[in-house]
Amino acid sequence: MRLTVRDRRSNPTPDPATFANGCANVRGRMKTFKDSLDQKDFVVTGQRRLHENDSADDVIRQAEILADGVDAVAITDLPYGVLHMSGLAAASLLLPRGIDPVVQLSSRDRNRLALKSELLGAAAIGGTSRLLQRGDQLPDGVLPTSKQVF
């Protein structure tokens, strides 16, 4: 079954299956983190910390700079509980450009259902690398009225 979503103006939006297939076509020549781990004795990763005011062009440009010198580009997930672009959104910008990001998922601010949803989303867009982590305790004074979920 194929589902296409249309907006109010009846303009077609990209079908998720078509997007994932487009990434799969790129993957034939894309260097993945798993390939590096299988083929090398020493692997280097670089981390792209996302910020609230990052644009799509910022994420792409900086990841492309990193990608030339590392085996994997890790995309952070709400470090210190500070709002920024979704890691999955950033991954969806990088995959069509031949960069297989390591999407980090922190359990600090998500319940099990939310984590499963993010994992399914990462698989749907064609990402092959994920890093699941507990997440850091927020420093004192950062979001003092919020309750952390672990």
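**Strands, helices and a few residues**

Modeller: β3, α5 and β4 together form a β-α-β unit that is right-handed. Please keep in mind throughout that this is a predicted model.

Biologist: How are β3 and β4 joined, and which residue is the bridge partner of Gln104 in β4?

Modeller: Strand β4, residues 129–133, runs parallel to β3 and is joined to it by five bridges. The partner of Gln104 in β4 is Leu131.

Biologist: OK, stepping back, what does the secondary structure of the chain come to?

Modeller: There are five helices and four strands, and read from the N terminus their order is α-α-β-α-β-α-β-α-β.

Biologist: And how much of the chain is buried?

Modeller: The chain has 150 residues, and 34% of them count as buried. As for the surface, the chain exposes about 9,600 Å², with carbon and sulfur atoms supplying 54% of that area.

Biologist: What share of the contacts join residues at least 24 apart?

Modeller: If you take the contacts between residues at least 6 apart in sequence, 73% of them join residues at least 24 apart.

Biologist: Now β2. Which strands does it pair with?

Modeller: On one hand β2 is joined to β1, residues 45–48, by four bridges, and the two run parallel; on the other hand three bridges join β2 to β3, again in parallel.

Biologist: Which way do the residues of β2 point?

Modeller: Ala72 and Ala74 point one way, Val73 and Ile75 point the other way, and all of them are buried.

Biologist: Switching to helices: which residues of α4 are buried?

Modeller: Helix α4 covers residues 87–94, and its buried residues are Gly87, Leu88, Ala90, Ala91 and Leu94. They span an arc of only 160° around the axis, so they lie on the same side of α4.

Biologist: Why would residues spaced like that point the same way?

Modeller: An α-helix has 3.6 residues a turn, so residues three or four places apart point the same way.

Biologist: What covers that side, and what happens at the start of α4?

Modeller: The cover over the buried residues of α4 includes α3 (56–67), β2 (72–75), β3 (101–106) and α5 (112–124). At the start of α4, a side-chain oxygen of Ser86 comes to within 3.1 Å of the backbone nitrogen of Leu88.

Biologist: What about the loop between β2 and α4, say Thr76 and Leu78?

Modeller: Thr76 lies in that loop and is buried, with a relative accessible area of 4%. A polar atom of the Thr76 side chain lies 3.2 Å from the backbone nitrogen of Leu50, and beyond residues up to four places away in sequence, Thr76 touches Gln47, Arg48, Arg49, Leu50, His84 and Gln104. Leu78 is found in the loop between β2 and α4 as well, but this residue counts as partly exposed because its relative accessibility is 22%.

Biologist: Which residues does Leu78 touch, then?

Modeller: With residues up to four places away in sequence again not counted, Leu78 touches Leu83, His84, Arg108 and Asp109. Leu78 and His51, which are 27 residues apart in sequence, have a C-alpha to C-alpha distance of 8.9 Å.

Technical notes: Residues numbered from 1 in each chain as written. Predicted model: local features only at pLDDT ≥ 70, side-chain atom pairs only at ≥ 80, totals over all residues. Heavy atoms only, no water. Buried < 20%, exposed > 50% of the residue type's maximum accessible area, 1.4 Å probe, protein only. Contact = heavy atoms within 4.5 Å. Areas by Shrake-Rupley, 256 points an atom, 1.4 Å probe, with all protein chains shown as cover. Arc of directions from axis to C-beta. Polar contact = N/O pair within 3.5 Å; in protein donor to acceptor, adjacent residues only side chain to side chain. Pairing = 2+ DSSP bridges. Right-handed = clockwise from strand over helix to strand, strands pointing away.
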